[in-house]
Amino acid sequence: MRNSGAPPSGTQAGFQETHWSVVLAAAVADSAQGSRALDALCRAYWAPLYAFIRRRGHSPEEAQDLTQEFFARLLKHNGLTTTSPEKGRFRSFLLAGLKHFLINEWHREQCEKRGGGRVTISLDAEPVEARYQIELTETATPESVFERHWAFTVLDQTLNRLRDEYARSGKREVFDLLKETLSGEKRSTPRAELAAQCGMSVGAVDVAVHRMRRRYGELLREEIGCTVGDPAGVEEEIRHLKEVLGRG
């Protein structure tokens with residue numbers, strides 16, 4: 001029988017170094033740590049910006065180029081001089097910055113040739129474009145598309161962290177079998193069948209599912225904590241995420 005215990009709880013190494021509060025601190029002090037944090041957050045949260053640009057009428061290729069150019073400018077120049085801790089959320093900062101970029105800073109008729117050395121973030125746009133097409137509705141605004149893809153990205157980042165924890169503990173197979181239970185919807189696989197697939201008793205599967213859900217909730221709060229300047233804003237951001245997902 002496989003061990004049904006969940007990976008040990010705890011903050012991932014380097015978690016605090018990718019926190020939005022670290023980036024905000026860099027706005028008032030020359031901080032290499034802040035620059036690294038901003039780079040990490042941009043790499044994790046580019047997909048909602050791509051979706052926003054697509055809804056503004058740009059082609060997939062143009063959206064990739066514009067997203068990359070926006071981040072290139074943000075990371076190369078001091079893009080934090082107009083933000084402050086009281087503005088709070090990385091989500092709001094990025095969307096405001098992107099709107100400014102598209103309206104006031106992008107004056108070229110064509111994007112630079114792809115692969116021209118300006119790209120700072122490698123974009124795997126195919127799955128994001130596929131999700132964009134699935135989620136798109138006639139009444140969707142660029143802002144609503146951005147918000148929904150932001151919510152998806154938060155959940156994806158959380159799930160990836162949980163998967164990595166299980167993999168490091170030698171329980172990747174258990175994670176792959178039980179991850180469907182995280183959705184909160186009715187399980188597609190009966191408990192007895194899950195137990196047989198995991199090599200556990202039904203009771204052990206129930207315990208493993210409970211631990212996985214609990215750890216997922218902890219990591220979700222940590223992930224959201226990466227994107228707000230004040231820990232007090234985590235619960236409010238969670239409520240916002242649920243509201244956005246509920247609209248679908």
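Predicted model: local features only at pLDDT ≥ 70, side-chain atom pairs only at ≥ 80, totals over all residues.
The protein contains eleven helices and zero strands. Read from the N terminus, its elements run α-α-α-α-α-α-α-α-α-α-α. Of its 248 residues, 44% count as buried. Among contacts between residues at least 6 apart in sequence, 73% join residues at least 24 apart.

Helix H2 covers residues 32-44. Its 13 residues should span 18 Å at 1.5 Å a residue, and the end C-alpha atoms are 19 Å apart, which agrees. Buried in H2 are Gly34, Ala37, Leu38, Leu41, Cys42 and Ala44. These residues lie on the same side of H2, because they cover an arc of only 160 degrees around the axis. An α-helix has 3.6 residues a turn, so residues three or four places apart point the same way.

Leu38 belongs to helix H2. Its relative accessibility is 6%, and since buried means under 20%, Leu38 counts as buried. Leaving aside neighbours within four places in sequence, Leu38 is in contact with Val23, Leu74, Leu75 and Phe90. Leu24 lies 14 residues from Leu38 along the chain, and the C-alpha atoms of the two are separated by 9.3 Å.

Leu74, one of the contacts of Leu38, is also one of the buried residues of helix H4. Helix H4 runs over residues 60-76 and has 17 residues. From its first C-alpha to its last, H4 reaches 24 Å, close to the 24 Å expected at 1.5 Å a residue. H4 is mostly covered, with twelve of its 17 residues buried. Besides Leu74, the buried residues of H4 include Ala63, Leu66, Phe70, Phe71 and Ala72. Asp65, Glu69 and Arg73 are also among them.

The next part concerns a helix pair. Helix H7 (residues 142-168) and helix H11 (residues 234-246) have axes that come within 9 Å and cross at roughly 115 degrees. The crossing of H7 and H11 is left-handed. On the H7 side, the contact is made by Glu147, Arg148, Trp150, Ala151, Phe152, Val154 and Leu155. On the H11 side, it is made by Glu237, His240, Leu241, Val244 and Leu245. The residues of this contact divide into eight nonpolar, one polar and three charged.

Leu159 is also placed in helix H7. Not counting residues up to four places away in sequence, Leu159 touches Phe175, Leu182 and Tyr216. Lys179 is 20 residues from Leu159 along the chain, and their C-alpha atoms are separated by 8.7 Å.

Phe175, one of the residues touched by Leu159, is found in helix H8, which covers residues 172-178. Phe175 is buried, with a relative accessible area of 2%. Its contacts, not counting residues up to four places away in sequence, are Leu159, Leu162, Arg163, Tyr166 and Met212. Arg163 is twelve residues from Phe175 in sequence, and the two are 6.5 Å apart in space, C-alpha to C-alpha.

Notes. Residues numbered from 1 in each chain as written. Heavy atoms only, no water. Axes fitted to C-alpha atoms, helices over the stretch in contact; angles between N-to-C directions. Helix = DSSP H or I, 4+ residues; strand = E, 2+ residues; numbered from the N terminus. Left-handed = near helix turned anticlockwise from the far one by under 90°. Contact = heavy atoms within 4.5 Å. Nonpolar A, V, L, I, M, F, W, Y, C, P; charged D, E, K, R; others polar. Expected span 1.5 Å × (residues − 1). Buried < 20%, exposed > 50% of the residue type's maximum accessible area, 1.4 Å probe, protein only. Arc of directions from axis to C-beta.
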